[in-house]
Amino acid sequence: MTLVKEETFQQQLVAIRRHLHTHPELSYEEVETTASIRTWLTDAEIRIANYPLRTGVVAEVGGINGGPVIAIRADIDALPIHEETGLPFASRFPGKMHACGHDFHTAAILGTAFLLKEKEKELLGTVRFIFQPAEEKAKGALQIIASGALEDVEAIFGMHNKPDLPVGTVGIKSGAIMAAADGFIVEVEGRGSHAAVPEAGIDPIVISAHIVTALQSIVSRNVSALESAVVSVTRLNSGTAWNVIPEKALFDGTLRTFDERVRSRVRQRFEKIVHSVADAFEAKAKVSWIEGPHPVVNDSEWAALASRTAESVGLRVIEPLPSPAGEDFAFYLKKTPGLFVFFGTEGTKEWHHPAFDVDERALSLSASFFAALALDALKRLISKSQPIAKAGDEQ
Ligand code: NI
């Protein structure tokens with residue numbers, strides 16, 4: 001698809017978003033999506049930066065006279081969900097859908113690149129656009145970091161659409177805005193026996209039931225009322241027949257926390273409960289962790305600056321509640337200060353729902369917001385790098 005010059009900016013972004021929406025690709029498979037993004041950037045004469053990535057694109061605007069580098073990131077992958085929106089531009093690929101609005105993020109941030117390209121001569125540094133693959137697997141950010149695309153970046157910005165916020169609203173929050181999302185797998189090993197002779201065995205089903213129940217005490221008894229955590233067991237498998245006590249049971253699930261200290265305390269209690277309860281029943285237990293992203297922790301200075309920018313472009317700023325979902329933008333923020341915001345795209349369905357949709361009016365609003373934020377952020381970095389004259393210095 002090529003951009004038609006006469007189209008308004010908003011119409012261009014709608015066309016891009018709908019093209020992506022119709023052709024969703026899963027994590028690590030974003031080949032056509034990558035090709036389309038490259039074409040749209042190249043058509044706008046935006047330079048593609050050369051980083052070793054199989055899928056995903058890094059592009060740059062500005063930097064003609066040096067200056068600091070900032071980054072703006074959009075994620076580009078879709079989900080293994082069968083779309084049920086009934087939209088005329090719904091997914092053409094059964095079982096694949098942009099059900100988290102990454103099509104919206106990609107179109108909006110392309111819009112930011114187009115806007116900044118027009119102001120390239122005014123830019124006091126480089127704006128690097130990161131179109132990141134595999135966010136849904138929480139690994140794409142690590143690929144981008146490994147490619148070196150974050151090495152010289154002094155601040156990084158990103159967003160997630162938010163269906164429960166009205167169009168025209170941006171949610172900006174200092175500190176944690178999204179959760180650490182760790183996974184666990186627990187294996188309880190007992191001893192199999194005839195179901196009629198339980199005393200000859202060690203029943204892993206009864207033991208798992210005790211463990212799952214005891215795990216509920218972590219949030220209620222070990223986490224302060226002023227902090228929060230989630231412990232969810234989402235699957236429990238054991239046994240093959242009604243008259244056999246099995247040897248093993250397996251359960252898995254997820255922990256969500258917003259603070260590294262709470263995260264490590266919850267994990268420590270989890271391990272202790274699993275092993276101690278299993279031990280009390282003379283069984284063995286093994287805990288395996290699926291390390292998820294850290295909490296997404298925003299920088300307070302960038303949050304304050306972005307709030308002023310948002311108001312200057314006519315957006316309403318609210319302080320959102322943090323989301324217990326995970327987001328691999330956290331890996332960037334561990335390396336570089338920055339800000340992750342929620343952008344209002346009012347809709348009736350939450351992320352990952354088969355009828356999820358965004359209000360497209362938010363496309364040009366978010367594109368303009370990030371363009372203004374890039375200009376303000378570069379100004380801030382330049383002014384910070386100027387030496388501050390001390391009182392009494394010769395002028
Ligand atoms: Ni998402």
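I count as donors the N, O and S atoms within 2.8 Å of the metal (3.2 Å for Na, K and Ca); water is not among the atoms, so sites may look incomplete. This is a predicted model: local features need pLDDT of at least 70, side-chain atom pairs count only at pLDDT 80 or more, and totals for chains, interfaces and linings use all residues. Residues are numbered from 1 along each chain as its sequence is written, and side-chain values use heavy atoms, with hydrogens and water left out.

**Nickel site.** I looked up the nickel ion. C100 (SG), H102 (NE2) and H160 (NE2) coordinate the ion at 2.1 to 2.3 Å. Along the sequence I read the donor spacing as C-x1-H-x57-H. I then checked burial (buried is under 20% relative accessible area, exposed over 50%, partly exposed in between; 1.4 Å probe, protein chains only). C100 and H102 are both buried.

**Strand 3.** I took helices (H or I, at least four residues) and strands (E, at least two) as DSSP runs, numbered from the N terminus. V69, A71, R73 and D75 point one way. I70, I72 and A74 point the other way.

**Neighbours.** I call two strands paired if DSSP finds at least two bridges between them. Strand 3 pairs with strand 4 (residues 126-132) in the parallel sense over 7 bridges. There, A74 has F131 as its bridge partner. Strand 3 also pairs with strand 5 (residues 153-162), in the parallel sense over 5 bridges. V69 stands opposite V153 of strand 5.

**Crossover.** I found a right-handed β-α-β unit made by strand 3, helix 3 (residues 102-118) and strand 4. Right-handed means that, with the strands pointing away from the viewer, the path from the first strand over the helix to the second runs clockwise.
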